[in-house]
Every structure is written in structure tokens, then in C-alpha cells.
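Have the model open alongside.

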Amino acid sequence: MDSSPSLQILVREPEGFSIWDGPPFNNNQPSIKLERVPCNSAKFSDDGSRLIVMKPDSVITIYECSTFKEIRSFQVPNVSAAALSPCGTYLQTFQKSTTPQEKNVVLWKIESGDSVYSHFQKNMTKATWPSIRFSSEEAVACRLATNEIQFFDAGDFSKGIVDRLRIPGVAGVELSNLPGSHVAAFVPESKGSPASIQIYACGKELQSQALARRSFFRCSTVQLNWNSGSTGLLVVVQSDVDKTNQSYYGESKLNYLTTDGAFEGVVPLRKEGPIHDVQWSYSGKEFAVVYGFMPASVTVFDKKCKPLLELGTGPYNTIRWNPKGKFLCVAGFGNLPGDMAFWDFVEKKQLGTTRAECSVTSEWSSDGRYFMTATTAPRLQVDNGIKFFHYNGTLFFKKMFDKLFQAEWKPESPDKFGEITELIKSVDSMTVEETKPQGQSSTSKKSATANPPAQKPAAYRPPHAKQAAAVQAELFGGSATGEMSKNALRNKKKREKQKEKKAAEAAGSGAAT
């Protein structure tokens, strides 16, 4: 489709970030949309409309992503963290504070540059940042406070807190995605009481009565995953201790709750072991789970927790669902070797397998045609680079960096692109060759055939055998690698001639007698 937006990629190195034009590449190399800009961090808003860049000297710059022009800069002393709201309307900052009287969390409206709300927060953790949470369309805004969830008018923060939902002991909150109609609250274990997940309605329908509730013991942390449509919530319950002593890393269970109360329970998995990863499809009608002791199993379920497709077993711990819903990538990253399997969920068949060793991040492009993996610092300090694969697992571009901090797609709505079946036809018609980094990209067939075949790897030799070979080489003139030196070869020929001469003499003396 000509009206489809172009794909773009943010690449951040130690010197700063730049914006690349995404695939398909001209001349097998990406072009630069925005030249390198010095920064400490950079992040797109969820809808891809704006980009937040934290620069040195506590300067925060906001870019409009349609032109990548600066639209607003904020000078925030001692800023520790900053985040954009999903649609890029608000900027939220956290500053180091010394006294409770100092309101160190500030919400700024980007269009005007004014502060619209502020409050004090003692510290910042992954569970409490961003402090003010927005739904995907920014229709609902809320904040986790002591024993309650506070709600705001997302269009007018001057009204202050407009609703309060009292939940004693609440320690985590997650707003539903689209629409922002529900909120999930996590209450940890306390004094013999079990931990619980509770779902409430938002806005004017706010009720003191939970729409759904699930309680469980042996719970240290939870991961909350809403589907698109706000009808189902997946809860990964993690315990630090496995009382069955089957796993050093504790145990985990996958629970599922629906907003209509039709299902509240454990997802029926056919294998024991940890929950490695779980992800909803873009439509919100199916979810995929990687679970069990290695080799892990992969299963796709519908909204009623009925298995739809088994994707086999293997060294996997990661699932990435194509935004168009047709393809899946199952992979094993982190401490696993990087195996990847690409599946067609609609046709229920495997398209291909490949490997991307040492990958730290991985994600599909918004149009569903390409899959990008990246090896980044500080997780890994060597072999940093980016790889691009087609939807079937074929590698078509690779670039290495001395050090790479970040590589991510600019978010776009998948609905802006055409049907995936039409999009992949253009990929299938392309004959793209694997490219090498630093401009050495075009590898002709002639040069490929001219390369000698790879040598067969030598058999393993233990260290003591290598040392013995080295000593023998030193004493008798040989080589530790098994190749003989010129002197050793000359001496060998002399010994062979002497043996032949002695054998001839012995034969002659025997004939004489």
C-alpha cells in the first residue's frame, strides 16, 4: 500500500542516537533519517507519535516523530527518570528529593510546557514507575497510593483526585489496554492471608465490588498482562522458593481471569515447570505460552483456555507474536543458544528455523514482515549488533557495532498497513542477500563460490595431550600442531633410507648363506 507509513528504527550508541529508515533497504543498506544526536537515553511514546530524549545537564527534549523536529525542551534539575504518556500528551519526571515537602514527581503538558500536577514519592521502583498510569488511549489515569488507587480526569488534572478505590495492602496496579475500562490490583500475602488479584471497573462505573478475584499462596511477585479489548487478564505468579525442590529459581503458575467472571483459575498446562513467557495476540483472542522444564513446550490457547495449536518443544524461553496475528516467533535467548522457530499460526505450519546468538532484545516490525534481534550493552559488551530476518526466518541484513545500547522499531498501528498476505508477496519476490557490516554488504555469487570450503574442525585434544605434543616437538623436531618441520622431515627421510639399507643388507647376507 502506497499510503502505508514507512518503517523506522531508533539506534543508540555511546555517542548518541540516530533514526534509520527501515526495510526494505536501498542498495542493501539502511539510510539515515536523523543524524546522530548526543543523549543519555531515548524512548518513543507507545503510539510512536513522539520521542523523549534525555540529554546531559538534566535537559529533556521532546521530538515530533512525523518530522523529527524538536517541539519542546524541559530543564529539570536532578532528574532521575522521565516517561511519556501513551499518546505523547504528557511528560512525567522523577527528581531526587530530600524532604517530603518537596513534590518530586511532576506531570507536564507538552503542548504548553506547563506543570499540571505534582506529588511526593519517596523512591522509584519498577512497580511504582511511571507513578501516574494512563490507559492506551489516555482516557483513564490513576496512581497507586497507600491502601488505595487514586483516579484523575486525564483531560484536566487541575481537578485533582476525582475518585478513590480503597484496597487495603495494594502493592501493584495495571490499567487495561484498549479500552481503559478496567483496573487490576495486586495485594501480596500478609499475616497468613493469601495474595490476591482483583479486577475493578474504572470511571463512572467504579465499584467497591470486585468483578473478578483470584487468591493464591506462595506468591512473591506477579506479572499482569491485559489483552486488547480489556476482556481477559493473564497473571504470572512467581514464588522465590519451590517447595517441591524441582527448580532452583522457585516456581511459577499462570492464572487467567475474565472481566465478566466467566473464568477464574489456573491455565491448564500439560507440562510441569516454570512459565518462561506469555503474550497475547494483537486481536486479544488468543495467547501463547512458553512453559515447562527444558526442553520447554509452547502452546497457543483461545480466550476460554482451550489449546488451539502446539508449537512443539525446544530450548525456548521467548514468544513474539506478529502484530498482524498471522506469524509467531519462538526463541531461546539469554542463557540459551538463540534458536528461533517461525510459525504460520493461520496455516498451522512451521516456516523455518534459524539462530541469533546472544540476542538481548527482539521484536516484530509493525507491518509484520520483518523480525529484528539486537545484542546490546551493558548486558553484553562484545559482539554488539543488529540482525533483520524475514517473516520466515531468513536473515537478510546484519550490522555489527563496537558498542550498541539500544535498537527498537518506531511504534505504528498495524492497522495502518495492508493485509499481511499481500505484504509478504513483496518479500517473497525479493532476492535479498545477506549483508556484512560496515558497508561491505554486497556479496556476489562469484565471490561466494571463490571462497574455499570451511575446514573440518580438529578433534578435541585435552590440555595434557597438547603439552605432550609440544614437548615431543621440541625434542624431536616435530610441530605441536601435527605438521612436521623441514629438519624433522629431513631426519625422517634419513631414518627411512637407513632402514631400507639395513633391510637390503640383511636380505643380501641371507642369500649368500
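Is serine 365 buried or exposed? Serine 365 is buried, because its relative accessible area is 0%; buried means under 20%, exposed over 50% and partly exposed in between, with a 1.4 Å probe and protein chains only.

## About the model

This is a predicted model, in which local features need pLDDT of at least 70, side-chain atom pairs count only at pLDDT 80 or more, and totals for chains, interfaces and linings use all residues. Residues are numbered from 1 along each chain as its sequence is written, and side-chain values use heavy atoms, with hydrogens and water left out.

## Around serine 365

Serine 365 sits in the loop between β32 (361–364) and β33 (370–375); strands are DSSP runs (E, at least two residues) numbered from the N terminus. Setting aside neighbours within four places in sequence, serine 365 is in contact (heavy atoms within 4.5 Å) with Leu7, Pro323, Tyr370 and Trp409.

## Salt bridges

The count of salt bridges is 18, each being a side-chain nitrogen of Lys or Arg within 4 Å of a carboxyl oxygen of Asp or Glu. One of them joins lysine 55 to glutamate 70 at 3.3 Å, N to O. That pair links distant parts of the chain, 15 residues apart: lysine 55 is in β5 (50–55) and glutamate 70 in β7 (69–75). Lysine 55 is buried at 18%, whereas glutamate 70 is partly exposed at 47%.

Arginine 369 and aspartate 367 also pair, at 2.9 Å, N to O. Arginine 369 is buried at 12%, and aspartate 367 is buried at 1%. Elsewhere, Glu13, Glu15 and Arg36 are linked in a network of salt bridges.

Definitions and conventions. Helix = DSSP H or I, 4+ residues; strand = E, 2+ residues; numbered from the N terminus.
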